[in-house]
Amino acid sequence: MSLRGIFKRLMGERLAFISLIFLILLGITAIVAPYVAPHDPLEQNLSKVLLNPSAEHWLGTDELGRDIFSRLIMGLTAAFQAGLFAILIPLCIGVPMGILSGYLGGIIDDIFMRIVDGIIAIPAILLALGITGALGISLWNAMIAIGIIFTPQMARLARGQTLQIRTEPYVEASKISGAGAIWIMVKHIIPNIAPPIIVQASFYLSYAILVETSLSFLGMGAQSPQISWGNMIQQAYSMINMNPWMIIYPGLAIMLTVLAGNFLGDGLRVALDPKYKKA
Amino acid sequence: MFFKFIMRRLLYVIPMLIITTLIVFSFILLIPGDPALALLGENATPEKIAQIHAQLGLDQPVIKQYLNWLGNAVQGDLGRSIFTGQPVEEAVFSRLGVTFQLVIVAMIFAIAGGLFFAITSIYFPNSWMDYVARFFGTLGTAIPNFWLGMILIIFFSLQLGWVPATGFTSITESPGAFLQGTILPAIALGATGMAQITRHLRSSLIEVMSADYVRTGFSKGINRWQAIMKHGLQNAMLPVVTTIGILFGNLLGATVVIETVFAIPGMGQLAVNSILQRDFTMLQGVVLVLIALIILINFITDIVYALLDPRIEY
Amino acid sequence: MKITESPLLEVKNLQTYIKTKKGEIKPTNDVSFSINRGEIVALVGESGSGKSVTSLSIMGLNASAIKYKPESSIEFKGRDLLKLKEKGLRKIRGNEIAMIFQDPMFSLNPVHPIGKQIAESVVLHKKVNYKEALKRALELLNKVGIPDAARRINDYPHQLSGGMRQRVMIALALACDPELLIADEPTTALDVTIQAQILTLLRDLQQELNISILLITHDLGVVAEVADRVLVMYCGKVVEEGTVDEIFDSSLHPYTRGLMSSIPPLHGISKDLLDAIPGVVPNPLELPKGCNFVTRCDFATERCHQVEPELTRYPSGNRVSCWNKLDKEGEMKEHVTTSINS
C-alpha cells in the first residue's frame, strides 16, 4: 500500500479530509498564536469587563476585561501540546515495549502484560490525576501524565499486532533464512503493525484534549496565567450568572477539535485498512 | 461447574489487585524528593520531617512499607489523613455511597439511552430517528462532560429553574430530592457512555442482523421487531457488555470532574481535594477503593458475559 | 409425470434486477417453472446462476436492493406471493413454505437452545402455548433422528455436530407442516458421509409427509439421488429442464453435459480425468449478446453469438435453450424461425 494510495483513500473520506485540514490549520495557529491574536490575552482592562461581542472584541471580554477570542486562540497551544505528548510518549515507549513483549513472549510477556492490565484497569482521568498529584501540579506534569496514561493501551495494541505478524509465513521464512530478531522487528513487524497504531494514535489527539481540559478545569493542569480551554471554563463558571457565553465558547472549541480528531481517526481507519467496514 | 468458573475468575482478580495496589502505593514514591518536605513545604523542621517519616512508615524499607500498607488495607485500615488526621476509610466510606448512587443513575441513563437509540436506529434505518441516533453517537464522544454539565445547569437550572444547580440528597433520605439533584449530573456523566453504547451496539446490531440465523428467523415468519429483540439483541450485546464494564470504571473516574461541577460531596471531590492538599494517604485510599470497585465490576462483567453466551465453557 | 391438479407453486417470468452504478444486473432473467404437490424439483447451477435469488424470491427474503419487474409472478396455491404484503408473507413463511439453509453452523441462533428455536416457529403460526410447542419440537427432533432428543432439546447449537445441526434445521422447517420446503444447498457444508444421511432423511420425510421440495444445489450427484425433475440455470436463465431420467440419459445442453461430466463416479477413474467446463461464468454486467454460455461452449456458432436461444421443448421431453441441438432437428426449425423474427 503506497503512501499516495493511502492519501487518495483518505481524500475519498470527505469528512476526514476536511477534519485533517481543519486540524492542520488549528495546529499552525497554535504555533503562531502569540503573533496572530488580535489582543494580548493577558492584558486586563477593568473598564471593559464582560463586554458583548463587537468588532474590536469578536467574542467579547471576560470579567477582567481580557479579550476572549485571543484567549481562545492561546488555548490551542495547551490542547495541541497535550495531543503531541499523548501521541509521542505512547509511540516512543508503549510501541517498543509492546513489540518486545509480543516478540519475545514467555515470562517477560506475562509480567509485562499483567502490569499493563493493572494500569488499564485504572480510569484514565484518575490515573492522570494521581500522576499529576504525585509529580506536582503543573501543566508540564499534566502533559507527562497524559502521555503515560495512553502508553499501556498502546503497548497492548502493539503486542497483539506483533503476535499476529510473528507467525505469518513471510516472517517464519525470514527467520529460517537466518534473519536476526532486530532485523525482523524493523523490517517486518514495524511496517505491518503501523496502520492500526497510527489509527489508534490519531484518536489519542482527541482523548488528550479531553483529558487536558478536564485536568486544567480541576486546577491540576494549566495554572493562571497559563491559558487552557479547561481553566477558561473553570474561570467562566464563577460568572455563570453574568455571562454564560464565556462558558460556551471554549466548550465549543473543545468539541469541534475533538470531533475533527475523531473524524480523522475514523477516516484513517478506512484509508489504512481496506477490510474495515464502516458502521 | 459455574462455581468453579467463578473461582477461576476470582483467581485472576488477585494478581490484578496486587498490581493495582502496587501502582497506587507507588504514587507516594513518585513524589520527587522527600515527600515529607513536599508535604511540609517551608515549615519543615527536622522534628516534623521525622514525625511524618514515622507516620508514613518511610523510615522502613520500601517493600516493607508496601506490605504494611497492604496488610492494613486488607483489614480495612487505610491509614490516617495527613491533613486532617481523620481515618481514611471513614472518609472514603462516608462518600462512597454518594458516588455510587450517582454512577448507578448515570449507568442506567447511558445503558437505557444507548439501547433506545441503537434499537430505534436499526428498526427505522435511514429515518430521522436513525440520524438523531447517529448524531448523538458522534457528538456524545466529543463533548467534554464537565462542560455539558454546565450547559445543563445554564439551561435547566438557571433558565428554566426546574432543578437545583448543585447539591446532593441521598436516595435514602428523600427519593424525590435525590432524583432532582442527580438527574443533571447523571446526564452529564453518562452522555459519553450513552454515545459509546449507541455506536457500538448499533454497529454490532447491523452486523448481527445480516447473520444467517436472523435470516433463518425471518424464514420462520418473524417480523423485524422480533428479529431485533429475540435474535439480534442478545448476540449483539455480547461485545457491548465489555464496553459497559469498561464504562463503569470510566464513569467512576469521571466523577472527579462532575462532582466538582455540581458540588457533590463524593469520592471524586475527595480525590481532587486530597491532591490539592497533597494528602497522599487519603488519595491512596480513595484510588484504592475505586480500583477495587472497578475490578469487582470487571469480574461481574465477565460472569454476565458467560451467562449471555452459552458458547463460553465454564 | 401425471398432473391431475394445478401446481402448488408456479413461478412465471421471474425477472429480478439490481441497479448498480455500472449498470443493471439481472440475477434472474425470465425464469419460469412450476412445482407440483409431492414433487422434488432440483434447481442446479453454479454460484451466481440465480438459483438462490429464485428461492429467496419465493420466500420474499431477497435483499431490498433486488427489485422485481412487473411481469414477474410467483403463484402459490393461487396467490401471487410477489403481490402479498409483508404481513401476509409472514403468515406463509415457516408455515406453508419453509426453508433450510446451506450452513447449519451459522443458520441457528447460537444463544438459544435448539428446542426453543423450533418452538418459536410453532408458537408463531399455531394456536398453542410454549409448552405444547416444546412438545411438538421434541416430536420433530425424534422424527429427524436426533438421538436422545429429550435431553438434547435444551442443547445449544454449538454442542451439536454439523449433521445434527442440519437435522435440527430440517425439524425447524417442518415444525408447522409446510407444503413446500426450500432446501438451499442443504448438504454442501457437510461431510460426504453425512451428506448421504441428510439426503436420505429428506427423501424419507418427503414421502412420509407428501410435501414438495425445491432443492437448490450445484451438485448433480445430489440431484440424481433425490429429485424428480431438474432445472439447470446459467447466468439467471433456465437453460434446460427435464425429469431426472431425461436429464441424466439424454441431456442436450452443452452446459448440462459439462456439469454431468464433472460428477466424480463412485468407482473407477480418478478425479483428474474428469472434464471441467472451461472458462468462467461471465461478468453479470457484461453478458454476451447471444447465448450466455457462448464464452465457454465448444460448439458455439455464429448464430449463438448473435441471437439468444429460447427454451424449447424437445421430442425427448426436455426443454432446452440451445441453437446447436435445435438446428439438428428439422421439425423444430419452424419454431426457431418464428422466434428469431419476433
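Reader: Of the contacts in chain B between residues at least 6 apart in sequence, what share joins residues at least 24 apart?
Author: That share is 71%, a contact meaning C-beta atoms, placed from the backbone, within 7 Å. This is a predicted model: local features need pLDDT of at least 70 and side-chain atom pairs 80 or more, while totals for chains, interfaces and linings use all residues. Residues are numbered from 1 along each chain as written, and chains are lettered from A and ligands numbered from 1 in the order written.

Reader: How much of chain B is buried?
Author: Of its 314 residues, 45% are buried (20 or more other C-beta atoms within 10 Å of the residue's own).

Reader: And what box does chain B fill?
Author: Along the principal axes, the C-alpha atoms of chain B take up roughly 80 × 55 × 35 Å.

Reader: How many helices and strands in chain B?
Author: Chain B has 12 helices and 0 strands, taken as DSSP runs of at least four residues (H or I) and at least two (E).

Reader: How do H5 and H8 of chain B cross?
Author: The axes of H5 (88-123) and H8 (175-209) of chain B cross at roughly 35° and come within 6 Å. In chain B, the contact of H5 with H8 involves 21 nonpolar, 8 polar and 1 charged residues.

Reader: Switching to chain C. Which domains is it divided into?
Author: Chain C has domain 1 (9-234) and domain 2 (253-320), with bounds from an automatic or database assignment.

Reader: How far apart are their C-alpha centres?
Author: In chain C, the centres of domain 1 and domain 2 are 27 Å apart. Domain 1 of chain C puts 10 residues into the contact and domain 2 of chain C puts in 11.

Definitions and conventions: Axes are lines fitted to C-alpha atoms, for helices over the stretch in contact, and angles run from 0 to 180 degrees between N-to-C directions. Ala, Val, Leu, Ile, Met, Phe, Trp, Tyr, Cys and Pro count as nonpolar, Asp, Glu, Lys and Arg as charged, and the others, Gly among them, as polar. Two residues are in contact if their C-beta atoms, placed from the backbone, lie within 7 Å. A residue is buried if 20 or more other C-beta atoms lie within 10 Å of its own, exposed if 12 or fewer, and partly exposed in between; C-beta atoms are placed from the backbone.
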